[in-house]
Amino acid sequence: MKFLSAAFYACALFACLSLPGETTRPNVLFIAIDDLKPMLGAYGDTTIQTPQMDRLAQSGTLFLNNHCQEPICGPSRASLLTGQRPNTTKVNDLKTKMRDIQPDLITLPQHFKNNGYTTVGTGKIFDPRCVDGRQFQDKPSWSVPFTYYYGKLPSAAGFVNPDTIEWFKAQKNAKGETIPEWNVKGVPATEGTEDVADNAYSDGAMADAAVGLIKKYAAEDQPFFLAVGFQKPHLPFIAPKKYWDMYDRDAFELAEYQQAPDGTPDFTLQPGWELRGKYDVPKRGPLPDDLQRELIHGYHACVSYIDAQVGKLLDALETAGIADNTIVVLWGDHGWHLGDHSMWCKHSVYEQATRSPLIIFSPMQKDKAGRVAAPTEFIDIYPTLCELAGLEQPEALEGVSLAPLLDDDSGSVRDVAMSQHYRSPNGEKLTGYSFRGPRFRYTVWRENQPGKPLGSGPVVARELYDYELDPLETKNLVDNPDYATVVSQMETSAAKELARYGIH
């Protein structure tokens with residue numbers, strides 16, 4: 001990213017506040033990364049190699065305490081892209097389609113389209129299961145027909161190793177019919193021995209295509225909203241060999257605390273359903289240390305692979321001469337457990353699953369390298385982009401604009417960030433609402449009741465964690481008398497947020 005002179009800053013600010021057609025409005029590059037936790041150099045990780053995302057953070061604002069609304073792809077993305085919480089979208093799983101609930105809702109890219117922007121996308125933006133499939137990715141959102149994949153891949157599952165591709169072909173059902181790759185069980189969890197170009201895998205092909213789109217739309221006299229959705233580091237962990245070679249597997253340390261928090265019900269944890277249900281790992285019990293290191297290695301390699309693709313997009317903005325008139329937003333849809341509490345994948349309301357990266361670069365930002373420690377949420381992205389682009393915000397939005405924090409990173413727009421997820425222990429259906437403040441996390445688990453908002457029933461369990469003294473969440477402090485005042489304060493904040501949805 002290039003930095004703006006004071007004169008250009010003044011002109012850019014005037015331009016964005018002008019009426020459509022009077023002058024150039026800012027473009028938007030909207031980068032979604034599947035299963036990316038805030039494990040970047042910019043977030044203080046000293047092992048990961050992410051120079052391109054760190055470069056973006058040095059040009060913009062890094063949100064250090066940002067959280068998803070629900071730690072699962074479909075609900076998180078539906079919430080972010082509508083600016084509404086899951087209790088409003090009613091998308092809490094991977095089968096509910098958001099427009100079945102609200103046919104007339106206006107998504108973030110749709111709002112930009114309605115205000116004169118060309119909206120175009122590639123890769124995973126919405127979760128296809130919660131909209132009209134991969135082909136359209138919510139057809140009303142886009143000015144140009146959506147393209148989920150670019151390039152020709154040797155394997156629908158993304159693998160390029162010939163032996164793995166043949167293995168897929170050999171998988172038959174009881175009738176002797178070949179099983180579609182996405183339904184096969186026992187899939188390799190990693191692939192890292194293939195010395196191939198970045199675009200041999202789907203994310204590299206999409207990056208190349210997105211560079212072409214930037215070049216194309218930069219030449220047109222109309223602002224664009226370009227959404228690029230990278231799929232790694234989602235499982236399986238597959239990336240070109242050179243990214244695996246960046247790391248020494250033996251040097252990786254396993255998660256320091258692999259037990260359940262003391263004083264917490266078992267149902268708050270999860271056994272790694274996604275990993276164990278599809279991939280070639282033990283179906284129960286602790287994972288062997290060497291397998292844990294392989295998975296940790298794979299996650300790092302995939303993050304570095306995606307980092308390189310992000311760099312191509314940033315370079316394309318520079319080459320096209322539009323970096324100084326393009327807002328860039330980079331986000332991961334939720335966090336990811338890498339063995340902490342013996343958990344893998346997402347699907348919890350603990351820190352490693354809800355805390356998610358968010359970086360915003362705006363040409364109108366006064367100072368570079370902002371670092372916001374206050375709690376923020378993904379539903380805040382929609383109103384933020386509206387304000388930065390000078391668009392009126394739809395009334396249905398439930399988030400708060402983060403634009404003021406781009407110029408004053410010491411500020412705050414909310415007391416807590418709220419996340420939620422569900423459990424069904426022994427057939428009982430529960431919802432856990434988790435509230436993350438500057439220092440503490442308070443979670444309340446409540447029974448669901450038919451016909452009423454999720455978690456409207458009795459309280460089943462509560463949790464409190466102190467990240468200043470216990471960053472690994474080793475002990476539930478909710479019944480500790482030394483924290484009685486904290487619990488009371490967090491309960492007040494929680495009650496205020498839940499009351500918005502009729503939960504008392």
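Q: How much space lies in the largest cavity?
A: This is a predicted model, in which local features need pLDDT of at least 70 and side-chain atom pairs count only at pLDDT 80 or more, whereas totals for chains, interfaces and linings use all residues. Residues are numbered from 1 along each chain as its sequence is written, and side-chain values use heavy atoms, with hydrogens and water left out. A cavity is a set of points, on a 1 Å grid over the protein atoms alone, where a 1.4 Å probe fits but cannot get out; points are joined across faces, edges and corners, and the volume is the space filled by probe spheres set on them. One cavity of 30 Å³ or more is counted, and the space in the largest cavity is about 40 Å³.

Q: How many charged residues are in the lining of the largest cavity?
A: Lining residues, which have an atom within 4 Å of a point, are here Gln 258, Pro 286, Leu 287, Gln 292, Ser 342 and Trp 344. With Ala, Val, Leu, Ile, Met, Phe, Trp, Tyr, Cys and Pro taken as nonpolar, Asp, Glu, Lys and Arg as charged, and the others, Gly among them, as polar, the lining has three nonpolar residues, three polar residues and, as for charged residues, none.

Q: Is strand S5 mostly covered or mostly uncovered?
A: Strands are DSSP runs (E, at least two residues) numbered from the N terminus, and buried means under 20% relative accessible area with a 1.4 Å probe and protein chains only. Phe 224, Leu 226, Val 228 and Phe 230 point one way from S5 while Phe 225, Ala 227 and Gly 229 point the other way, and all are buried. With seven of its seven residues buried, S5 (residues 224-230) is mostly covered.

Q: Which residue of S5 is the bridge partner of Ile 33?
A: Two strands pair if DSSP finds at least two bridges between them. S3 (residues 118-123) pairs with S5 in the parallel sense over six bridges, and S1 (residues 27-33) and S5 also pair in the parallel sense over six bridges. The partner of Ile 33 in S5 is Phe 230.

Q: Which strands stand at the edges of the open sheet of four strands?
A: The sheet has the order S12-S13-S14-S15, with antiparallel pairing. Two of its strands each have a single partner strand, so one side of each is left without a neighbour in the sheet; these are S12 (417-423) and S15 (459-466).

Key. On a 1 Å grid over the protein atoms alone, a cavity is a set of points where a 1.4 Å probe fits but cannot get out, and a pocket is an open set with protein on both sides within 12 Å along at least five of seven lines; lining residues have an atom within 4 Å of a point. Buried means under 20% relative accessible area, exposed over 50%, partly exposed in between (1.4 Å probe, protein chains only).
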